[in-house]
Amino acid sequence: MMDDHTPHPQFVQSIKAGLHYWHAQTEDAADETIRRLDAERHNLYRLVHYGQALPALWPDTAVLALNAFYLVERKGYWLEWIPILEQAASHWVQDDLRLKVQLLHRLGYLYQVSRQLSPAVAVHTQAEQMARALQDAPLLNQSYFYLCADHRHLRQYDSAEHYGLLALAGFEQQHAPDKWQAGTWNELGLMAFHRGDLAQARQRLEESATLYRYLGNATDLLRVLNNLIGVARAEKNYTLALAYHRQAAPYFDELSSDFDRTVFEVALGGILFELARYPEAEAAFRRANTPYLQRSPHLHQRALVWQCLGNTLLKQNRLDEAGICLQESAHLWVSANDDLMRANTLGTLGELYVAKGEVATAVAYLDQALLYLHNYPDDSMAIRLKAEFSALKASLCPP
């Protein structure tokens, strides 16, 4: 007989077999696979629960925690998976340092998308140091890639560019899979966009899109096409922006991520807004504001949708409705840890109170916005907003 605290060997063997089965099932990141895995994820979660209680199975459980990343990322299960990856990286793989680095990469990414940016940098820096000590060039290049993305989210563009170029050179030298080069071109394109170099941004993003088309990865391709829509909008080339949207449309039904569907409603709404087609833009933003999004951990996207709705309602002179949306957006930007976008919303609230004739309140909001914008001297959006809000304030407070 076994005592009360010792699992029966047959039970342990069945859990081990289940873990190996799920290792194979979760290796494929295709959208069709993600949809199927999501329908069965309770079985995956149960195996991880059993595996983490059995030290003999920790290495196998760590591999499953790593492989399930694409399901977790696409479906927004970050907050429940972060503690699992923390345990896996800290306790389950002490003898497999290469696997530990891979776990740290994925853990840091989930910190990043959940807007815990300082922990993301810390974890990816630890991974970089370990990869260098292992003299593992592919893992080191991946660490550079993740650090590039972390610093881009922090709007520390010099550091982001440094790591991005290191990653790209390393991937090309190592003949890494195209997905790593595609991801790095996307990050470098976004950095050029934020710095206002739109020609370079398009060149880099088109390079990324070409690679993702070749790979047949619908989700990542659509994310890059959305970024290209942003570049075209910044150039006020709405014909091109709509053309990118049409390129994306055939892939919509393939998506496994409800989040990415909201992204393209926002992109379409933005184009329509800038064409002054405000009722149509409002309809697109309301389609984006789904029940899924409202209860999801995508704080950044939730804040953006409320901001877009507020802008659109303001243009239609529906001031009370606009104020409710903008206040909700401002609140969410705090949770999303994005002071630049918070400044954007606060400045828009200033515009709203100008429309209401409440000048003192308007100036207070504009002052708050300008205070935050001062911290982003090399961001093109911040530079533009600072000029707009400063001019509006000057018109309200003449010398």
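Tyrosine 45 is partly exposed, with a relative accessible area of 24%, on a scale where buried means under 20% relative accessible area, exposed over 50% and partly exposed in between, computed with a 1.4 Å probe on protein chains only. Tryptophan 81, by contrast, is buried at a relative accessible area of 1%. The model is a predicted one, in which local features need pLDDT of at least 70 and side-chain atom pairs count only at pLDDT 80 or more, while totals for chains, interfaces and linings use all residues. Residues are numbered from 1 along each chain as its sequence is written, and side-chain values use heavy atoms, with hydrogens and water left out.

The centres of the rings of tyrosine 45 and tryptophan 81 are 5.5 Å apart and their planes stand at 40°, so the pair is tilted. It links distant parts of the chain, since tyrosine 45 sits in helix α3 (residues 41-52) and tryptophan 81 in helix α6 (residues 78-92), 36 residues apart. Helices (H or I, at least four residues) and strands (E, at least two) are DSSP runs, numbered from the N terminus.

Another tilted pair is formed by phenylalanine 252 and phenylalanine 264, with 5.3 Å from centre to centre and 50° between the planes. Phenylalanine 252 lies in the loop between α14 (238-248) and α15 (258-274), and phenylalanine 264 in helix α15, so the pair ties together parts that are 12 residues apart in sequence. Phenylalanine 252 counts as partly exposed at 21% relative accessibility, whereas phenylalanine 264, at 3%, counts as buried. Elsewhere, ring pairs join Phe145, Tyr146, Phe171 and Trp180 into a cluster.

Helix α6, which carries tryptophan 81, has 15 residues and reaches 20 Å from its first C-alpha to its last, close to the 21 Å expected at 1.5 Å a residue (the expected span being 1.5 Å times one less than the number of residues). Its buried residues, among them Trp78, Trp81 and Trp92, pack against α3, α4 (58-67), α5 (69-75) and α7 (97-113), where contact means heavy atoms within 4.5 Å.

Leucine 373 touches residues including Leu340, Ala343 and Phe389, not counting residues up to four places away in sequence.

The structure holds zero disulfides, a disulfide being a pair of cysteine sulfur atoms within 2.5 Å. For cysteine 308, the nearest cysteine sulfur, that of cysteine 325, is 11 Å away. Cysteine 308 is buried at a relative accessible area of 13%, and cysteine 148 is buried at 0%.

For the chain as a whole, the secondary structure comes to 22 helices and zero strands. Buried residues make up 53% of its 399 residues, and among contacts between residues at least 6 apart in sequence, 61% join residues at least 24 apart.

Technical notes. Rings of Phe, Tyr and Trp (its six-membered ring) pair if their centres lie within 6.5 Å; planes under 30 degrees apart count as stacked, over 60 as edge-to-face and the rest as tilted.
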